[in-house]
Amino acid sequence: MSHKNKKTVPKVARPALVILGILLIASNLRAPLTGLGPILEFISQDLGLSATQAGMLTTLPLLAFALFSPVSSGLARKIGLEPSLMIALVLVGGGVLIRSGGSTVMLFLGTCIIGLGIAIGNVLLPSLLKRDFPTKVTTLTAVYVLIMGIGSTLSSSTAIPMMKLAGSMGITAIPNWAFALATVLIFPVVSIIVWLPQLAGHTRPSADTAEIDSHSYLWRSAAAWQVTIFLGLNSFIMYIFISWLPSILIDNGYTENQAGYLHGVLQLSTAVPALVLIPLMAKMKDKRGMSFAMAVLGFIGILGLLMMPEHALIWVICFGFSCGGGFILGLSFVGIRTHDAHQAAALSGMAQCMGYLLAATGPIIFGSLHESTHSWEVPLYMTLAVCVVWGFLALFAGRSHVIVRSQSGKDIVIDAPVHESIHEELKRLKNELALVTEERNELKKAFNAKL
């Protein structure tokens with residue numbers, strides 16, 4: 001009886017534990033960064049940072065995402081997904097500790113380390129979903145993006161209260177702002193504890209897995225670039241408004257408190273699409289309509305902010321929903337358009353590398369246009385044009401076809417139902433090959449023993 005229990009419990013408990021771990025890891029992918037914005041002015045005053053230096057605290061993580069995303073899939077091939085995600089959590093936790101040291105050097109160093117950890121997590125979570133939950137990729141992607149949004153909202157909304165709490169408690173070892181930044185350590189610590197069991201149960205990559213094709217052909221794939229640019233334009237627009245929305249609102253007559261409130265609404269509204277898209281994404285295999293709708297909604301939000309800024313609350317919600325929904329859809333494309341976890345990790349690395357490089361230029365280009373024209377109109381019209389291109393890309397990136405590589409190296413696509421039957425046949429053949437290999441090894445051992 002006890003033997004039977006040992007066999008059945010992991011089958012029931014492990015998926016639930018893995019999903020919980022995935023959601024907790026997701027909570028680390030924005031929260032350590034969004035808590036910085038509300039107290040950035042206090043940090044700048046305390047450390048004597050220039051506006052450019054303060055702006056680099058937003059740009060550095062994006063550059064880290066871009067630079068380290070491509071190597072994340074290679075790390076997973078070498079040591080496995082579960083250990084790689086644990087490394088990501090340790091880097092985030094270590095970066096939070098270092099960043100909270102209170103000095104300028106530690107602030108920038110910790111921010112870079114956090115960016116490295118988040119880059120690994122960003123790339124490998126879609127790959128883990130593809131491997132362990134191939135039939136629930138879109139639904140679980142929407143759920144974990146919802147958790148990302150909730151985590152970022154909690155971090156952003158508690159930053160000032162935590163800083164005030166440090167003052168009332170008389171903490172002097174580190175500045176009040178450093179204490180506020182340190183409180184997000186709860187996210188990686190809890191995640192590490194919950195993820196630990198996955199290290200004991202994970203399967204190490206075999207020699208052939210560790211040396212598997214790097215999928216470099218994806219960089220020559222039109223379909224891979226469609227997914228990449230779709231995600232990149234989404235991030236480009238999103239990070240522009242994360243950086244500049246308060247300034248736009250203040251110049252349109254809003255107070256600093258009102259602008260801060262609307263900035264918080266923006267963060268929260270990026271999480272809301274998960275609640276709406278979860279039931280829809282499971283039913284709709286072709287995501288082109290939804291993807292195009294996100295671009296249209298973003299266009300409406302930006303146009304409303306340009307023409308009727310007095311109704312900014314409506315436009316911010318429209319815009320936030322658009323970017324949050326676009327991000328969910330873009331991540332789901334990584335799972336939908338690939339045929340296995342390795343290809344998913346490679347496409348995710350490519351998409352996030354180029355996407356975050358593009359995103360890092362957004363606030364700079366937007367700010368430069370504002371500085372040269374002394375107006376918000378030209379840069380806002382620029383984002384409208386980007387929305388048009390984003391909508392056009394949605395009609396290609398959102399297809400339900402699976403990308404595979406032909407012998408010629410050119411793209412071919414397979415409809416999802418056909419792909420599923422081919423994938424099952426490949427799994428069967430792989431299992432048979434493994435059995436044949438095992439038998440061959442046994443015969444070799446027996447032959448060598450006789451000699």
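**Cores, salt bridges and a surface patch**

Colleague: Which residues touch the most other members of the largest nonpolar core?

Modeller: This is a predicted model, where local features need pLDDT of at least 70, side-chain atom pairs count only at pLDDT 80 or more, and totals for chains, interfaces and linings use all residues. Residues are numbered from 1 along each chain as its sequence is written, and side-chain values use heavy atoms, with hydrogens and water left out. A nonpolar core is a set of buried Ala, Val, Leu, Ile, Met, Phe, Trp, Tyr and Cys residues joined through side-chain atoms within 4.5 Å. The largest core has 93 residues, and those touching the most other members are Leu-125, Tyr-144, Ile-237 and Phe-241.

Colleague: Which helix gives the largest share of this core?

Modeller: Helices here are DSSP runs (H or I, at least four residues), numbered from the N terminus. The largest share is 13 residues, and these come from helix α11 (residues 222-251).

Colleague: Which residues is Tyr-144 in contact with, leaving aside neighbours within four places in sequence?

Modeller: Contact means heavy atoms within 4.5 Å. Under that rule, the partners of Tyr-144 are Ile-22, Leu-23, Ala-26, Leu-125, Pro-126, Leu-129 and Leu-331.

Colleague: How many residues make up the second, separate core?

Modeller: Ala-159, Ala-178, Ala-180 and Leu-181 are among its members. This second core has 16 residues.

Colleague: Which residues are linked in a network of salt bridges?

Modeller: A salt bridge is a side-chain nitrogen of Lys or Arg within 4 Å of a carboxyl oxygen of Asp or Glu. Glu-82 meets Arg-131 at 2.7 Å, N to O, linking helix α5 (residues 81-99) to helix α6 (residues 104-132) across 49 residues. Arg-131 also meets Asp-132 at 2.7 Å, N to O. The network therefore consists of Glu-82, Arg-131 and Asp-132.

Colleague: Is Glu-82 buried or exposed?

Modeller: Buried means under 20% relative accessible area, exposed over 50%, and partly exposed in between (1.4 Å probe, protein chains only). Arg-131, at 34%, is partly exposed, and so is Asp-132, at 23%. Glu-82 has 3% relative accessibility, so it counts as buried.

Colleague: How much accessible area does the nonpolar surface patch have together?

Modeller: Patch residues have over 30% relative accessible area and no salt bridge, with nonpolar side chains (Val, Leu, Ile, Met, Phe, Trp, Tyr) joined within 5 Å and like charges within 9 Å. Helix α4 (residues 51-79) gives the most, with five residues, while Leu-357 lies in helix α16 (residues 341-373). Areas come from the Shrake-Rupley method with a 1.4 Å probe, counting only the protein chains shown as cover for residues. Met-56, Leu-63, Leu-67, Phe-68, Val-71 and Leu-357 together have about 490 Å².

Key. Helix = DSSP H or I, 4+ residues; strand = E, 2+ residues; numbered from the N terminus.
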